[in-house]
Amino acid sequence: MERDTLYMHEVANGYRPDVERLIRYIPWLESKVGGSISNLYQGNGIEEHSIPFPVYDGTLMSLVKDAKRTQLLDRNYAYVYSRNRIRTVEDEQRVIERATIQDMDTLKGIFSKYILGGMTKGQIWSDGVSNGSILKVLLKMKEILEYWDRPIHAEPEKLWFQM
């Protein structure tokens, strides 16, 4: 029993630095749930020679860049979805809600779908922010780590998007 608790603390400590890096985006993600994070660029005369293309929010791009520097991305996230029979956003939300420390790899897989998938199909970033899945994964990871360790606080420096 004591060995299990010690192991859970070790798992929590392994994820802690990466989650600490990303929780500073929680307020921004909360403000964007249900909203749009991209605009179509329609510069001077672009319609004549090209098609409009999406321009993503700078904060989203910072989140993606920071996420790529963590160990929270799993290129095999598709297996997480098949193993857990996740087919819809509702399935994702249900899995996130019920997650415990033993499901951190599952949370990592859901997070990876939105971050890595968005690198090939940008609409996936928008979907993850607007349906709240990215936010819920980060909140759940934070909740789990705080349960098994100590409270997590965002970095003290003021972020450029909060100015």
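**Salt bridges and their setting**

R24 and D66 are both buried, where buried means under 20% relative accessible area, exposed over 50% and partly exposed in between, with a 1.4 Å probe and protein chains only. The model is predicted, so local features need pLDDT of at least 70 and side-chain atom pairs count only at pLDDT 80 or more, while totals for chains, interfaces and linings use all residues. Residues are numbered from 1 along each chain as its sequence is written, and side-chain values use heavy atoms, leaving out hydrogens and water.

The side chains of R24 and D66 form a salt bridge at 2.4 Å, N to O; the term requires a side-chain nitrogen of Lys or Arg within 4 Å of a carboxyl oxygen of Asp or Glu. This pair joins distant parts of the chain, 42 residues apart: R24 is in the loop between α1 and α2, and D66 is in helix α4. Helices (H or I, at least four residues) and strands (E, at least two) are DSSP runs numbered from the N terminus.

D66 also meets R69 in a salt bridge, at 3.2 Å, N to O. D66 counts as buried because its relative accessible area is 5%, whereas R69, at 48%, is partly exposed. R21, R24, D66 and R69 are linked in a network of salt bridges.

Another salt bridge joins R16 and E20, at 3.1 Å, N to O. Both residues lie in helix α1, four residues apart, or about one turn. R16 is buried at 5% relative accessibility, and E20 is partly exposed at 27%. The protein has eight salt bridges by this rule.

Beyond its neighbours within four places in sequence, L29 is in contact with L63, V129, I134, L135 and L138, a contact being heavy atoms within 4.5 Å.
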